[in-house]
Amino acid sequence: MDQVLTVMVISVLLGAVIALSFFTSYFGKRRSEVQSIAKAESQSDPKKHQRPPQPKKSHSKAHSHSAADKDQNKRHHPLDLNTLKGHGDSVTGICFSFDGRSLATACADGVVRVFKLEDASSRGFKFLRINLPAGGHPTAVAFSDEVSSIVVASQTLTGSSLYMYGEEKPKASNETKQQPKLPLPEIKWEHHKVHEKRAILTLVGTTASFGSADGSTILVSCSEGTDIMLWHGRTGKILGNVDTNQLKNNMAAISPNGRFIAAAAFTADVKVWEIVYSKDGSVKEVLKAMQLKGHKSAVTWLCFSPNSEQIITASKDGSVRIWNINVRYHLEEDPKTLKVFPIPLHDSSGATLHYDRLCISPDGRILAATHGSTLQWLCIESGKVLDTADKAHDGDITCISWAPMTIPMGDGQVLVLATASVDKKVKLWAAPSTH
């Protein structure tokens, strides 16, 4: 028994010695590995400290993103001049001032911005910010008589409203050293529920110069229903209204000289009305003048030529038509189709697409047209495609507008087209060569 107990004690002691030896060897190796790793990390610390701290890293990323954006824009299309940023939501309307030096934008974030276009190639543009009354979402914008006068169409839960903003005269200061504050926009006139609860699709204005017109700015608002209203820009007075009686409107336009109103609606026919002026220059009445018949499907958009004698229409039938409206319609002379050319835009299966929007250049030579995010420039004489930007924006284009005259760019001047989109951006494009 004592011999067995002795063997057991010796075995336990021997096992303890072996275990102690094993763990001593194991922890020695681990300590060596830890020391090696620590040594390697200490040697790599200088490189690690050369990395920029987090704020700089973030700034570097932002800078790289901005540079990448610029490079991408440059690679995107050679006619892409610049981008007006700062909008918080989809841009729903744009309008150039009559001198082309200001561009007003309406945004779904509830703000109207008026950008100063001193140079089309500028890295940044100053803008005036106009906040609409709470709950209002601007759907369209137009300039009134002066650059500082802007009419905004707004949609709320209670219906559509129109606001005219004008500059408030700066208050005289007693202190001669202190400069007077810049004039801020204030509401000069407003109308509510102008088209009941229906949204205003388009709002366009022009200087009335036809016949005995007094040169005032005339505005036309087109609702998503069937009604169209005529307004005096400076006073906000309602000058007349018409009805397309075509289920729903797509848009309406007024001729540059203020003589005609034309509407694209649910049917293939385009209705045209004439604004009749009194001897004192005021609007007397609005009369039905003519209808443009020839398209086989609904007209999606139209625009007047700069001389107010022609109308260009785009239809879902896949064609663009140019009409002569300089006819003696009161003697039952019908408007004539001058040209018809197919829309040169197709989907992946080869089917012809339709244009969403049209706008003709102030010299009457280039027709800008859009479908979704695609932008095309066409020669108005031949219908030939001058250029195409397949993805002009990162979303559908909501509106397009030509500047009424050239804009400074560097040491020269350039004819500019502005486009707006749901991607929260407004882009400026140079006109393509017509040769």
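Where does asparagine 245 lie? A few notes on that and on other spots in the model follow.

1. Ground rules. This is a predicted model, where local features need pLDDT of at least 70 and side-chain atom pairs count only at pLDDT 80 or more, while totals for chains, interfaces and linings use all residues. Residues are numbered from 1 along each chain as its sequence is written, and side-chain values use heavy atoms, with hydrogens and water left out.

2. Asparagine 245. To pick up the opening question, asparagine 245 is in the loop between β14 (238-243) and β15 (249-254). Strands here are DSSP runs of E, at least two residues, and helices are runs of H or I, at least four residues, both numbered from the N terminus. The phi of asparagine 245 is near 55°, a positive value in a residue other than glycine. For background, most residues other than glycine have a negative phi. Asparagine 245 is exposed, at a relative accessible area of 61%; the cut-offs are under 20% for buried, over 50% for exposed and partly exposed in between, with a 1.4 Å probe and protein chains only.

3. Lysine 424. Here's another positive phi in a residue other than glycine, near 75°. Lysine 424 belongs to the loop between β30 (416-421) and β31 (426-430). Its relative accessibility is 41%, so lysine 424 counts as partly exposed.

4. The chain as a whole. I get 2 helices and 31 strands. Of the 435 residues in the chain, 46% are buried. Among contacts (heavy atoms within 4.5 Å) with a separation of 6 or more, 49% are between residues 24 or more positions apart.

5. Four strands form an open sheet in the order β2-β3-β4-β5, with antiparallel pairing; a pair needs at least two DSSP bridges between the strands. β2 (91-96) and β5 (127-131) are the edge strands, each pairing on one side only. Neighbouring strands of this sheet are turned by 15° against each other on average, direction ignored. The axes behind that angle are lines fitted to C-alpha atoms, and angles run from 0 to 180 degrees between N-to-C directions. β2 and β3 (residues 102-107) run antiparallel and are joined by 5 bridges, and valine 91 has cysteine 107 of β3 as its bridge partner.

6. Cysteines. Cysteine 107 is buried at 0% relative accessible area, and cysteine 399 is buried at 10%. A search of the whole structure turns up 0 disulfides, meaning cysteine sulfur pairs within 2.5 Å.

7. Serine 401. This one sits in β27 (residues 397-402) and is buried, with a relative accessible area of 14%. Beyond its neighbours within four places in sequence, serine 401 touches Ile94, Phe96, Cys359, Val416, Leu417 and Ala418.

8. Residues 292-326 are 0% helix and 54% strand, with end C-alpha atoms 13 Å apart. Proline 306 is in the loop between β19 (299-304) and β20 (310-315) and is partly exposed at 37%. Proline 306 and aspartate 363 are 57 residues apart in sequence, yet 7.1 Å apart in space, C-alpha to C-alpha. Leaving aside neighbours within four places in sequence, the contacts of proline 306 include Pro256, Ile360 and Asp363.
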